[in-house]
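User: I'd like to learn how to read the features of a model like this one. Could we go through it together, one feature at a time?

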Amino acid sequence: MNKPLFIALDYDDQEKMWLFLNQLKDKQGLHVKLGMEMFYQYGPEIVRDLSAKGYQIFLDLKLHDIPNTVKRTAHQLAALGVYCTTVHALGGKQMIQAAKEGLIEGTPAGKPVPKLLAVTELTSISEEVLKNEQHCSLNLADEVKSLAHQAQEAGADGIICSPLEVKAMKSEFNDDFMFVTPGIRPKSYQKDDQARVATPGQARENGSTAIVVGRPITQAADPQKAYEEILKDWSKNDAK
Ligand SMILES: O=c1ccn([C@@H]2O[C@H](COP(=O)(O)O)[C@@H](O)[C@H]2O)c(=O)[nH]1
């Protein structure tokens, strides 16, 4: 698989989501991210509908609870056949391990186990917020790295972080450990509520495994054009 670009389908209504998807070319195998907003409204059915149409799904529910609850929830999610899903790394190693066990136990025989990604520090968190509101004694880069190691030790397949942190820590992890990075903003696009951003090209150069892009595509006047431009910057130099 080429390095994926997940389009974040952050809509309040599935009609809008389908309208958006139907105007894109080359829909087969497209990578999409479904988050809490859609899942809490439409439930597992929306995942099955997208899956039946051939979309590769990143189900981003950011589980964060006691290990038993997370394990049982992950067990349920595994049956949906998504490509990957998320927990918060701050839930601790025992919780991440429990999520992994739930995914393995809940995956139907012969199907791939969904990849488990641990969210380190949300890309909306700045150095100031980390220090003054989360009262963290580490700087952002070190905190993300520490959470990444913790996640790997607990059995996660990868992490969510900003593209800005990837370069400095990538060499400390196995080649197949995934660095999935939201906080993607094309040059001259506004940051919105994101604090730690980079362009698709910078994410590629820094070593991101996959990128997640929402508003710069979904809110664009011409979503197909925006998608193609972002994809071009992200996949430059990829073997054809
Ligand atoms: O640290 C994180 C974790 C998840 N996200 C999600 O990615 C998309 C980004 O959307 P944009 O519109 O491109 O900002 C969104 O669904 C977030 O929930 C993140 O941004 N940061």
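User: Which residues point one way from strand β7 (residues 178-181), and which the other way?

Analyst: A word on the source before we start. This is a predicted model, where local features need pLDDT of at least 70 and side-chain atom pairs count only at pLDDT 80 or more, while totals for chains, interfaces and linings use all residues. Residues are numbered from 1 along each chain as its sequence is written.

Now the general idea: in a regular strand the side chains alternate between the two faces of the sheet. In β7, M178 and V180 point one way and F179 and T181 the other, and all are buried. Here, buried means that 20 or more other C-beta atoms lie within 10 Å of the residue's own; exposed means 12 or fewer, partly exposed is in between, and C-beta atoms are placed from the backbone. Strands (E, at least two residues) and helices (H or I, at least four) are DSSP runs, numbered from the N terminus.

User: Which residues of strand β1 (residues 5-8) are buried on each side?

Analyst: L5 and I7 lie on one side of β1 and F6 and A8 on the other, and all are buried, so both faces are covered.

User: How do I read strand pairing, and which strands does β1 pair with?

Analyst: Two strands pair if DSSP finds at least two bridges between them. β1 pairs with β8 in the parallel sense over three bridges, and F6 has V212 of β8 as its bridge partner. β1 also pairs with β2 in the parallel sense, over two bridges; there, I7 has V32 as its partner.

Going on from β2, five bridges pair this strand with β3 (residues 56-63) in the parallel sense, and G35 stands opposite D60 in β3. β3 and β4 (residues 84-88) run parallel and are joined by three bridges, with L63 opposite V87.

Elsewhere, β6 and β7 run parallel with three bridges between them, and I159 stands opposite F179. β7 and β8 pair in the parallel sense over two bridges, where T181 stands opposite I211.

User: What kind of unit do β1, helix α1 (residues 14-22) and β2 make?

Analyst: They make a right-handed β-α-β unit. A crossover is right-handed if, with the strands pointing away from the viewer, the path from the first strand over the helix to the second runs clockwise. Other right-handed β-α-β units are built from these elements:
- β3, helix α4 (residues 67-78) and β4
- β6, α8 and β7
- β7, α9 and β8

User: How many Å should helix α7 (residues 140-153) span, and how far apart are its end C-alpha atoms?

Analyst: The expected span of a helix is 1.5 Å times one less than its number of residues. For the 14 residues of α7 that gives 20 Å, and the end C-alpha atoms are 20 Å apart, which agrees.

User: Which residues of α7 are buried, and what covers them?

Analyst: An α-helix has 3.6 residues a turn, so residues three or four places apart point the same way. In α7 the buried residues are L140, E143, V144, K145, L147, A148 and A151. Their cover includes α5 (93-106), β5 (115-119), α6 (127-132), β6 (158-160) and α8 (163-169), where contact means C-beta atoms, placed from the backbone, within 7 Å.

User: Which residues other than glycine have a positive phi?

Analyst: Most residues other than glycine have a negative phi, and most peptide bonds are trans. Among those with a positive phi is K62, at about 45 degrees. K62 lies in β3 and counts as partly exposed, with 16 C-beta neighbours inside 10 Å. Another is S188, with phi near 75 degrees, in the loop between β7 and α9. S188 is exposed because 6 other C-beta atoms lie within 10 Å.

Notes:
Two residues are in contact if their C-beta atoms, placed from the backbone, lie within 7 Å.
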